[in-house]
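Okay, thanks for coming, everyone. Let me put the structure up and talk you through it.

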Amino acid sequence: AIVRMSSIGAGTLVVQQGLEPVIQMTCRDRNRLAIQADLLGAHALGMHNLLCLTGDHQTFGNHPTAKNVHDIDSLQMVQMVTAMRDDHTFQSGDAFKGEEPRFFIGAAAAPFADPVDFRPYRLAKKIKAGANFIQTQLVYDVPAFAEYMEKVRAMGLHEQTYILAGVGPLKSPGMARYMKNNVPGILVPDEIINRMSAASKPWAGKKKDELTPEDKKARSQAWREEGIQICIDLINDLRQIEGVAGVHIMAIEWEEAVKPIVEGAGLYPRPKVEEVVGTSS
């Protein structure tokens with residue numbers, strides 16, 4: 001909910017570099033006409049992977065008095081884009097006169113959001129609507145996620161879509177505690193917080209006003225190194241869970257952390273995979 005460069009604008013730059021972006025579209029900012037128009041433009045510019053999102057409420061961003069739209073919800077957006085691709089029709093039912101946008105369609109999942117027991121059924125709705133891949137909220141509690149995936153497998157959902165578990169490096173013990181106590185839908189075990197805190201052991205005996213700038217810099221670096229290692233460990237644990245097709249790394253405002261994470265987890269260089277194009281089911 002903070003103003004940034006548009007996803008389609010950034011995606012265009014990524015395409016120009018020979019890479020394959022996953023663009024995002026939210027229901028918060030556009031009605032169905034604008035969503036469909038922008039997606040036609042994105043596809044024409046070479047973007048073929050789409051994540052459909054509701055969008056964080058504007059009160060959490062830097063324009064809290066902005067008006068939202070929410071003409072449709074994320075589930076309806078998945079249905080709409082699926083119909084554009086597979087049925088060659090707009091949401092109104094009108095047929096395409098030109099080429100249809102062939103998106104590989106994604107949706108989000110929050111395994112630990114209330115009500116937790118409903119989460120697998122919500123996932124099933126998005127898959128039935130046409131979601132080809134799923135990106136989950138950040139996962140730090142692997143046993144809890146494994147329990148969620150057990151329910152997903154029991155419903156056969158892991159065979160109908162590609163589930164990417166969300167991971168992200170922590171920058172400090174304070175960040176870990178904040179996410180545990182203040183961010184709905186994210187579980188941060190005490191074990192993770194203790195690991196982050198242990199990284200600052202060399203400076204544990206000093207009060208804040210006793211820390212030199214060099215101390216603070218070294219402590220911050222130690223925290224970040226441990227945060228990256230925790231992320232690597234999480235990836236290695238998550239890849240053992242049946243039904244997890246991969247991970248997506250959310251290094252928010254810390255993009256340089258992505259390289260050591262993928263290298264440390266053995267995900268670089270990228271494996272060569274056969275291209276998958278969204279098709280009619």
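Predicted model: local features only at pLDDT ≥ 70, side-chain atom pairs only at ≥ 80, totals over all residues.

Residues are numbered from 1 along each chain as its sequence is written, and side-chain values use heavy atoms, with hydrogens and water left out.

The protein chain has nine helices and six strands; those are DSSP runs, with helices being H or I of at least four residues and strands E of at least two, numbered from the N terminus. The C-alpha trace spans about 70 × 40 × 40 Å along its principal axes. Of the 281 residues, 42% are buried, where buried means under 20% relative accessible area, exposed over 50%, and partly exposed in between, with a 1.4 Å probe and protein chains only.

Now the rings. There are four aromatic pairs (ring centres of Phe, Tyr or Trp, its six-membered ring, within 6.5 Å; planes under 30 degrees apart are stacked, over 60 edge-to-face, the rest tilted). Phenylalanine 104 and phenylalanine 133 have ring centres 5.7 Å apart and planes at 15°, so that pair is stacked. Phenylalanine 104 sits in strand E3 and phenylalanine 133 in strand E4, so the pair ties together parts 29 residues apart in sequence.

Phenylalanine 104 is buried at 14% relative accessible area, and phenylalanine 133 is buried at 5%. Phenylalanine 104 also pairs with tyrosine 162: centres 6.3 Å apart, planes at 45°, so tilted. Tyrosine 162 is in strand E5, 58 residues from phenylalanine 104, and is partly exposed at 44%. Phe104, Phe133 and Tyr162 form one aromatic cluster.
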